[in-house]
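Please read the report below alongside the sequence and the 3D view.

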Amino acid sequence: MHDLTGFQRDLLYVVKGLDEPHGLAIKDDLEGYYDKEVHHGQLYPNLDALVDKGLIEKSEKDRRTNIYTLTQRGQREIEARRDWEQEYLEQEAPTA
């Protein structure tokens, strides 16, 4: 997870959170979060990079639509990231 871009991490979270995550649903969800357009040239190469890293799988729903699902490795990476973040979020803030 440490070698992913922020956009790629966001893609993992969206893929995990959607029922049947296909490209346009992922794109719509990210556009709602970022409040700007996500271009196909940004979306699909990054999804393919996550497939290449073994974090998500791509399967064909029909001739025009691919479905993306989180792999077990992807799930472990998200859990490890969450644990790492919690270490810092649970620390008491220094008093001034």
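How many residues are in the hairpin that joins β1 to β2? The hairpin runs through 5 residues. This is a predicted model.

**The strand pair**

β1 covers residues 56–60. Its partner β2 covers residues 66–70. The two strands run antiparallel, and 5 bridges join them.

**The overall fold**

The protein has 4 helices and 2 strands. Read from the N terminus, the order is α-α-α-β-β-α. Some values for the whole chain follow.

| Property of the protein | Value |
|---|---|
| Span of the C-alpha trace along its principal axes | about 60 × 30 × 25 Å |
| Share of the 96 residues that count as buried | 29% |
| Share of contacts at least 6 apart in sequence that join residues at least 24 apart | 45% |

**The largest pocket**

What lines the largest pocket? The lining consists of His22, Gly23, Leu24, Tyr44, Arg64, Thr65, Asn66 and Tyr68. The space in this pocket comes to about 160 Å³. Two elements give two or more residues each to the lining: α2, residues 23–34, and β2. By class, the lining residues divide into 3 nonpolar, 4 polar and 1 charged.

**Gln8 in helix α1**

Gln8 sits in helix α1, which spans residues 6–17. Is Gln8 buried or exposed? Gln8 counts as buried, because its relative accessibility is 8% and the cut-off for buried is under 20%.

The side chain of Gln8 also has a polar partner. One of its polar atoms lies 3.0 Å from the backbone nitrogen of Thr5.

Which residues does Gln8 touch beyond its neighbours within four places in sequence? With those neighbours left aside, Gln8 is in contact with Asp3, Asn46, Ala49 and Leu50.

Key
Residues are numbered from 1 along each chain as its sequence is written. This is a predicted model: local features need pLDDT of at least 70, side-chain atom pairs count only at pLDDT 80 or more; totals for chains, interfaces and linings use all residues. Side-chain values use heavy atoms; hydrogens and water are left out. On a 1 Å grid over the protein atoms alone, a cavity is a set of points where a 1.4 Å probe fits but cannot get out, and a pocket is an open set with protein on both sides within 12 Å along at least five of seven lines; lining residues have an atom within 4 Å of a point. Grid points are joined across faces, edges and corners, and a volume is the space filled by probe spheres set on the points. Ala, Val, Leu, Ile, Met, Phe, Trp, Tyr, Cys and Pro count as nonpolar, Asp, Glu, Lys and Arg as charged, and the others, Gly among them, as polar. Buried means under 20% relative accessible area, exposed over 50%, partly exposed in between (1.4 Å probe, protein chains only). A polar contact is a pair of N or O atoms within 3.5 Å; within protein, one must be able to donate a hydrogen and the other to accept it, and residues adjacent in sequence count only if both atoms are side-chain atoms. Contact means heavy atoms within 4.5 Å. Two strands pair if DSSP finds at least two bridges between them.
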